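Subject: Structure for you to look at

Dear colleague,

I am handing over the structure below, together with notes on what was found in it. Please read the notes with the sequence and the model open beside them.

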Amino acid sequence: MARLNVNPTRMELTRLKKRLGTATRGHKLLKDKQDELMRQFIDMIKENNRLRKSVEKELSSSLKDFLMAEAVMGSEFMEEAIAMPKENITLEVVKKNIMSVNVPVMNFVRAMEGDEGSIYPYGFANTSAELDYAIKKLYDLLPRLLKLAEVEKACQLMADEIEKTRRRVNALEYMTIPQLQETIKYIRMKLDENERGALTRLMKVKSMLEDKAL
């Protein structure tokens with residue numbers, strides 16, 4: 001492992017020891033964060049799979065009802081019946097922080113809250129019951145469909161954060177910390193070598209002074 005290009009002094013040794021301590025603590029915190037992100041990510045993936053299976057099953061059932069209604073009513077009449085919706089629905093999106101990741105929280109806002117009949121944009125006299133069933137199923141499915149979109153987006157954001165955290169953990173573990181350790185080892189070796197050289201010179205000077213005294 002390549003060491004850092006620094007002067008082998010005691011001041012530099014002290015500074016690098018502090019950096020090593022900070023890097024080691026940072027590595028532990030990031031590793032703990034990565035583990036917790038992975039735990040929550042796995043829980044989200046499980047929820048995502050469960051929701052997707054449920055939503056796809058309900059969508060398939062609703063589409064079958066639409067096909068039956070189209071067969072009974074005719075495609076043109078059915079399109080005319082649902083062309084002008086009564087209800088206006090908007091989407092409200094806020095953010096929730098999970099382990100420093102801002103994930104979306106979505107909610108529907110109905111313009112005609114409480115009026116269940118507003119989901120049917122037509123009169124019941126000239127339409128089939130299959131169309132009513134299809135629209136009601138889709139309407140009841142909307143919250144879960146929205147929840148599925150919310151969870152899938154959260155999974156994507158969490159996966160991105162896990163990858164960023166993994167890169168930072170690896171950079172500290174395999175580059176920064178080993179470089180600091182190698183540099184500290186080098187400085188200690190140089191300082192010990194300088195001390196031995198200084199001690200040898202002192203002993204030589206002492207020996208010369210003693211010889212002169214004789």
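**Salt bridges in and between the helices**

Glu12 and Arg15 both belong to helix 1 (residues 10–73), where they sit 3 residues apart, about one turn of the helix; helices (H or I, at least four residues) and strands (E, at least two) are DSSP runs, numbered from the N terminus. Before going further, please keep in mind that this is a predicted model, in which local features need pLDDT of at least 70 and side-chain atom pairs count only at pLDDT 80 or more, while totals for chains, interfaces and linings use all residues. Residues are numbered from 1 along each chain as its sequence is written, and side-chain values use heavy atoms, with hydrogens and water left out.

Glu12 and Arg15 form a salt bridge whose closest N and O atoms are 2.2 Å apart, a salt bridge being a side-chain nitrogen of Lys or Arg within 4 Å of a carboxyl oxygen of Asp or Glu. Side chains of opposite charge can pair when their charged atoms come close. Glu12 is buried, with a relative accessible area of 16%, whereas Arg15 is partly exposed at 38%; here buried means under 20% relative accessible area, exposed over 50%, and partly exposed in between (1.4 Å probe, protein chains only).

Helix 1 also holds Lys28 and Asp32, which are 4 residues apart, about one turn of the helix, and which form a salt bridge with the closest N and O atoms 3.1 Å apart. In this pair Lys28 is exposed, with a relative accessible area of 53%, and Asp32 is partly exposed, with 38%. Glu36, Arg39 and Asp43 are joined in a network of salt bridges.

A further salt bridge is formed by Asp65 and Lys137, with the closest N and O atoms 2.9 Å apart. This pair links distant parts of the chain, since Asp65 is in helix 1 and Lys137 is in helix 3, 72 residues apart. Asp65 counts as buried at 13% relative accessibility, while Lys137 is partly exposed, with a relative accessible area of 29%. Over the whole structure, the search finds 14 salt bridges.

**The hairpin**

Strand 1 and strand 2 (residues 101–110) run antiparallel and are joined by 10 bridges, where two strands are said to pair if DSSP finds at least two bridges between them. Within this pairing, Ile89 stands opposite Arg110 in strand 2, and Ile98 stands opposite Val101 in strand 2.

The hairpin has 2 residues between its strands. Met99, in the loop between strand 1 and strand 2, has a positive phi of about 55° although it is not a glycine, and Met99 is partly exposed, with a relative accessible area of 30%. Ser100 is found in the loop between strand 1 and strand 2 as well; its phi is near 70°, again a positive value in a residue other than glycine, and Ser100 is partly exposed, with a relative accessible area of 44%.

**A nonpolar surface patch**

Leu91, Val93 and Phe108 form a nonpolar patch on the surface, with about 250 Å² of accessible area together. Patches are made of residues with over 30% relative accessible area and no salt bridge, with like charges joined within 9 Å and nonpolar side chains (Val, Leu, Ile, Met, Phe, Trp, Tyr) within 5 Å; the accessible areas come from the Shrake-Rupley method with a 1.4 Å probe, and for residues only the protein chains shown count as cover. Leu91 is in strand 1 (residues 89–98) and is partly exposed, with a relative accessible area of 46%.

**The largest pocket**

About 240 Å³ of space lies in the largest pocket. A pocket, on a 1 Å grid over the protein atoms alone, is an open set of points where a 1.4 Å probe fits, with protein on both sides within 12 Å along at least five of seven lines, and lining residues have an atom within 4 Å of a point. The lining comprises 13 residues, of which Pro85, Ile119, Pro121, Ile135 and Tyr139 lie nearest the centre of the pocket. Helix 3 (residues 129–213) gives the largest share of that lining, 4 residues.

With best wishes

How values were computed
Points joined across faces, edges and corners; volume = space filled by probe spheres on them.
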